[in-house]
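Subject: Structure handover

Hello,

Here is the structure we spoke about. My notes on it follow below.

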Amino acid sequence: MPRLQEMLDQGGSLHLGRSQMPSFTNTNNLSIVTGAPPVVHGLPGNHYLAANGEEVQLTSPEFLRAPSIHAELGKAGARVLCVTAKDKLRRLLAHGGVPTTSAEKAHECPIPEFGIDDVVELVGRKNPGPYEWDMSHYAIEIGIAVSRKIGPLDLMYLSTTDFVQHAEGPGGKMADRFFRRFDELLGELLDLGYLVGITADHGMNAKHHPDGSPRVHYLEDALHTAGVRGCRVILPITDPYVVHHGALGSFAWVHCPEEHRQRAREALAALPGVEEVFDREEAAVIYQHPADRIGDLSVAADAGTALGTSAAKHDLSVLAGPLRSHGGRHEQPVPVIVSKPLSPRYAELHRIGVFNSDLHDLLLNGTTV
Ligand code: ZN
């Protein structure tokens, strides 16, 4: 990645920071664009159990409890744009009138605010699907193409997807190809004159046995075996893109009647690989979660362990390869990179600890340029 190396050699800053818990897409994308933890923006997962007992995808702007930095800057007259690779984020990012499009649906998502009625034509090549190696790059290509057409934006958010990282570890053929192309596009953004910040919504770890089968605890089955009845497991990783992860990550919520809760907690905490089991009030404090949108128990597993509902409810034949996933503490470490040097005050602050959700603060307030 020669352009990234050159950027860092010339004074760009690289910190190891952390993501929000659970280390999932929607929670962290919203933390990055609002600069705030889930208790503020309202999304502790991709998915939750609503008060009426139905499982609901957290993809609609009505769930948001805080405005994005882009929406506020847009209201103040700045030219802002959000592009997401996966379309599931688009409506959330658009909240507050932010111009948005997605790589996945570029063919049907024009950007009328900038007079762009055909995004695919503007980019100059057909948009890839969510299970192709370069859908993330297409999102960046959209940002570059828009910038070339209308001039640099004041603030632009380009959100990638993790299909490649789910499918292959570092050093894999597709992973290398992903980062080579990412680096070229980073170079184009720098050549356009942008101050660039890079972070991730989460890390990724292999969660499988040596034979390639997933290392997973099915929590409803485990509770059943332990004689605890009436519990329902919700997996906040759940989204329509099951090829990535088969809905298996390292974080789960358990809803259960109060009289069974302590026994459920003990049974779950006894499972090898389960690291944390918190009740609702504890989780709200420790993870900074909105208490009304989480389970009675929050469960997190170690780097090599995934959590499921019951074996019968997961179709693992859809997985693209041995399970690699995220959601727990071990996928919290993420890079936080800014293309220019940080001012002394910020360099000091962020040596102590930085979140991915600090990225906009670093970009807008923290550099010497
Ligand atoms: Zn993922």
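Which residues coordinate the zinc ion? The zinc ion is held by Asp162 (OD), His166 (NE2) and His326 (NE2), at 2.0 to 2.2 Å. Donors here are N, O and S atoms within 2.8 Å of the metal (3.2 Å for Na, K and Ca), and sites may look incomplete since water is not among the atoms. Along the chain these donors follow the spacing D-x3-H-x159-H. Asp162 lies in the loop between strand 6 (155-159) and helix 8 (163-167), and His326 in the loop between strand 15 (324-325) and strand 16 (333-338), 164 residues apart. Helices (H or I, at least four residues) and strands (E, at least two) are DSSP runs, numbered from the N terminus. Asp162 and His326 are both buried, where buried means under 20% relative accessible area, exposed over 50% and partly exposed in between (1.4 Å probe, protein chains only).

Before the rest, two notes on the source. This is a predicted model, in which local features need pLDDT of at least 70 and side-chain atom pairs count only at pLDDT 80 or more, while totals for chains, interfaces and linings use all residues. Residues are numbered from 1 along each chain as its sequence is written, and side-chain values use heavy atoms, with hydrogens and water left out.

An open sheet is formed by 4 strands in the order 10-11-13-12, with antiparallel pairing; two strands pair if DSSP finds at least two bridges between them. Strand 10 (232-234) and strand 12 (274-279) are at the edges with a single partner strand each, so one side of each has no neighbour in the sheet. From one strand to the next, the twist averages 25 degrees. Angles run from 0 to 180 degrees between N-to-C directions, and axes are lines fitted to C-alpha atoms, for helices over the stretch in contact.

Strand 11 (residues 251-255) pairs with strand 13 (residues 297-301) over 4 bridges, and 3 bridges join strand 10 to strand 11. Trp253 stands opposite Ser298, Val254 opposite Leu297, and Arg232 opposite His255. Both faces of strand 11 are covered: Phe251, Trp253 and His255 are buried on one side, Ala252 and Val254 on the other.

Finally, a helix pair. The axes of helix 7 (residues 135-150) and helix 9 (residues 173-191) come within 10 Å and cross at roughly 15 degrees. That makes the two helices roughly parallel (under 35 degrees; over 145 is roughly antiparallel, 65 to 115 roughly perpendicular and the rest oblique).

Regards
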